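Hi,

Here is the structure I promised to pass on.

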Amino acid sequence: MSILGWVILITAIAGIGGTGVGGYVGAVLRKDSTKVVSLLLAFAGGVMMAVVCFDLIPKAFKPEGASEQMPLWLVVGGIILGFLVVYLLNLWIDKSTNHEVEHIDEQHPHAHDDLDELIHADHFNKHRREHDLAHEHEQLHGDCSHDEHHHELFVAGVVMAAAIALHNIPEGMVIGASYAGDVQLASSIVGNSGFIIAIVIGLHNIPEGMAVSVPLISGGSNRWKAILVTASTGIPTVIGAILGYCLGLISPVWLCISLAFASGAMLYVVFGELFPESFLMWKSKAPGGMALIGCLVGLVLVYF
């Protein structure tokens, strides 16, 4: 199998498999342990931060095949660009949907304090409830208000899918760019930093999958259909991996840009979402300790 084939396979297992497992767990349990999810997110964030800072960014400065070190402004610019792109896209979705959800007001934390908020499942659930009420009203009175709410429910579902894609595409880019930056390790697929990141992303996708499947099932979806829908939300991870890998093979400059952009996007996911959400879900020092453990594990994995 080609290197790209391995990248696609490994990313699919991490992205589709991770969310699928989370979807199954959510379908079976119909609930989650806030403390366990908090620690899992903190650990995943710590490992991601270590791999990005100690492995990907150094490789961006001296990518595979480059005769000299890349300029500082190019690496810093790529990191800032990746961070801003994901931040602005998330901000746009938040601004478009948060005002429609009753519990989100001026007193609400700007960071997400619940997995449902991270993927806007709370927004989706609001429109699902309105859709169901409109359907009941239509059956009783025979009007056509159901069609309008059906459209709003569809839009809410698209918003939720877009929010998930925003998280998964840069995660996939990190995996793909990592493999492009370690061509000499092609014969050892599991000895690559991309493989380490794939494992961590797979772990962090489990609670995300739970956050997708639970509201779908609670809203009346078939259990297995909800699991399949949840697993399919990991497809953007594969798309991101292909993009990151192919861009990284164009030239050392593009590999530098790809690694820097993916690093910035992941740093936003870590510092803008995983850590704040972990600390808000369990207000104690435990998530901080788990983040440190994750960082140390990532450091060991990079230099082992």
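**The second largest pocket**

Keep in mind that this is a predicted model. I started with the second largest pocket, which holds about 280 Å³ of space. Its lining is made up of 15 residues, and the ones nearest the centre are F124, R128, L216, S221 and V229. Which elements give two or more residues to that lining? They are α5 (121-141), α6 (145-180), α7 (193-218) and α8 (223-232). The most comes from α6, with five residues.

**Aromatic pairs**

Next I went through the rings, and the count comes to five aromatic pairs.

One is F83 with Y268, an edge-to-face pair with 5.3 Å centre to centre and 85 degrees between the planes. This pair links distant parts of the chain: F83 sits in helix α3 (residues 72-97) and Y268 in helix α10 (residues 252-281), 185 residues apart. Y268 comes out at 9%, so it counts as buried.

The other is F271 with F275, and here the ring centres are 5.7 Å apart with the planes at 80 degrees; that angle is over the 60-degree cut-off, so this pair is edge-to-face too. F271 is partly exposed, because its relative accessibility is 44%. F275 has a relative accessible area of 9%, so this residue is buried.

Back to F83 and Y268 for a moment: together with Y87 they form one aromatic cluster. If you are colouring the rings, I'd show those three as a group.

**A buried aspartate**

Last one: D55, which lies in helix α2 (residues 34-61). With a relative accessible area of 10%, D55 is under the 20% cut-off and therefore buried. What does D55 touch, leaving out residues up to four places away in sequence? The contacts of D55 are A50, S193 and V302.

That's what I have so far.

Cheers

Conventions
Residues numbered from 1 in each chain as written. Predicted model: local features only at pLDDT ≥ 70, side-chain atom pairs only at ≥ 80, totals over all residues. Heavy atoms only, no water. 1 Å grid on protein atoms, 1.4 Å probe; cavity = no way out; pocket = protein on both sides within 12 Å on 5 of 7 lines; lining within 4 Å. Points joined across faces, edges and corners; volume = space filled by probe spheres on them. Helix = DSSP H or I, 4+ residues; strand = E, 2+ residues; numbered from the N terminus. Buried < 20%, exposed > 50% of the residue type's maximum accessible area, 1.4 Å probe, protein only. Contact = heavy atoms within 4.5 Å. Phe/Tyr/Trp six-rings, centres within 6.5 Å; stacked < 30°, edge-to-face > 60°.
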